[in-house]
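Please look through the structure shown here before reading on. The paragraphs below take it one region at a time.

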Amino acid sequence: MHRGLLIVLNTLALLALAEGAARLAERIHPETAGIGDITFAYSPYRMLKMTQGPWPLNREGFRARELETYRNSFLIEFLGGSVCVGVGDDPGATVPERLETALRKAGLARAEVLNLCQGGATSAEELAIFLEYGRPLHPEVVLSFDGANDLMHPRPIGDDDAPNLPYRNAQIEARVNGQDGVSHIALARVAARLAGRFRTPAPAQGPPVAESAILDSYLDHLAAVRTLAEADRALYAIVFQPTLHYQKPWSKAESAMWRSRRPGDGEPLTGLIRKRYGHARDAITVWASSGGVALYDLSLTFSETAATVYSDSVHFRGPLGYQLLFADLERQGLIERIRTRYREWESGL
């Protein structure tokens with residue numbers, strides 16, 4: 001009896017020490033999920049709410065000032081995912097930041113740019129964010145800077161079994177809120193991280209989601225945002241984002257990165273993304289043209305750039321990615337279009 005109790009106590013003491021060591025290891029080497037020093041809380045409908053990042057966040061988890069400070073300005077709102085947020089490996093100033101700087105230099109003193117983007121957001125979450133946070137601020141310009149999450153989340157490329165579902169919604173909620181019974185234990189988290197280093201990502205299981213359903217869902221949500229924005233007399237435009245896998249010559253570093261990330265299925269996965277992106281580009285071009293929607297297509301921005309731009313499929317390594325994207329937007333006339341709108345707004349004051 002005494003020996004059994006001693007074994008139990010020793011076991012508990014060892015587990016406590018191991019848990020303490022695991023928590024210390026997490027503090028010294030925090031998990032970043034490969035997208036920078038960012039942590040999230042679960043948030044229904046908008047998927048993830050950033051709670052910590054390498055830049056200031058407001059109380060709603062956006063990379064912006066508090067929302068009420070944007071009232072009574074010529075407001076430009078960005079909707080989108082992590083590329084719009086600025087996730088990456090030291091990528092420098094984001095597209096929203098570069099746009100605000102350019103507008104100020106152009107003399108648009110009362111122009112403000114609000115980044116309402118969230119990591120992982122698809123057009124469905126963007127619509128929810130616009131309804132709750134963006135539309136009440138009465139923006140003059142609304143820009144949907146997206147494409148990758150809608151196209152790359154559903155199977156067989158991603159894990160979603162339908163278009164525009166919150167990406168691995170149940171798993172995210174369980175992991176973030178500690179509802180799976182073990183995710184609140186540091187020892188379990190560290191063990192999972194170590195195991196993940198030696199595990200090749202498995203292909204998504206289950207039947208593929210029909211490409212037509214993905215594109216229809218994407219365009220339907222863009223149409224909803226457009227309708228709401230234009231109902232308030234805002235200028236609406238789409239900024240279609242690029243990906244490593246479509247119309248870019250890879251550098252040696254990018255090739256090595258993708259081989260290490262997807263050693264078993266990298267080539268067919270790249271082929272699927274390339275094909276889906278090409279079809280989406282065609283579809284959104286036709287849709288925008290037929291509906292009179294301004295489209296700024298950035299999918300070809302890196303088509304002649306063999307330099308290292310990407311740190312993964314969509315995020316950038318170094319400032320070259322955002323530099324080239326913004327230069328392309330400027331060439332396509334976004335700044336001039338906003339400047340014209342600003343003059344109209346200013347004359348109506």
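**Core, a buried serine and a pocket**

Phe 145 touches Phe 78, Leu 79, Gly 80, Gly 81, Val 83, Cys 84, Val 95, Val 239, Gln 241, Leu 298 and Leu 325, leaving out residues up to four places away in sequence. The model is a predicted one. Phe 145 belongs to the largest nonpolar core, which has 84 residues. Along with Ile 76, Phe 78, Leu 99 and Leu 103, Phe 145 is one of the residues that touch the most other members. Helix H8 (residues 211-231) gives the most to this core, namely eight residues.

Ser 299 sits in the loop that runs between strand S8 (294-297) and strand S9 (316-317). Its relative accessible area is 1%, under the 20% cut-off, so Ser 299 counts as buried. Two side chains make polar contacts with the side chain of Ser 299: that of Asp 297 at 2.7 Å and that of Arg 281 at 3.1 Å. Beyond its neighbours within four places in sequence, Ser 299 is in contact with Phe 240, Gln 241, Pro 242, Tyr 246, Gln 247 and Arg 281. Gln 241 is also among the residues that Phe 145 touches.

The second largest pocket holds about 190 Å³ of space. Its lining consists of Arg 63, Ala 64, Arg 65, Tyr 70, Thr 94, Pro 96, Glu 97, Glu 100, Val 113, Leu 114 and Asn 115. By type, the lining has five nonpolar, two polar and four charged residues.

Methods: Residues are numbered from 1 along each chain as its sequence is written. This is a predicted model: local features need pLDDT of at least 70, side-chain atom pairs count only at pLDDT 80 or more; totals for chains, interfaces and linings use all residues. Side-chain values use heavy atoms; hydrogens and water are left out. Helices (H or I, at least four residues) and strands (E, at least two) are DSSP runs, numbered from the N terminus. Buried means under 20% relative accessible area, exposed over 50%, partly exposed in between (1.4 Å probe, protein chains only). A polar contact is a pair of N or O atoms within 3.5 Å; within protein, one must be able to donate a hydrogen and the other to accept it, and residues adjacent in sequence count only if both atoms are side-chain atoms. Contact means heavy atoms within 4.5 Å. On a 1 Å grid over the protein atoms alone, a cavity is a set of points where a 1.4 Å probe fits but cannot get out, and a pocket is an open set with protein on both sides within 12 Å along at least five of seven lines; lining residues have an atom within 4 Å of a point. Grid points are joined across faces, edges and corners, and a volume is the space filled by probe spheres set on the points. Ala, Val, Leu, Ile, Met, Phe, Trp, Tyr, Cys and Pro count as nonpolar, Asp, Glu, Lys and Arg as charged, and the others, Gly among them, as polar. A nonpolar core is a set of buried Ala, Val, Leu, Ile, Met, Phe, Trp, Tyr and Cys residues joined through side-chain atoms within 4.5 Å.
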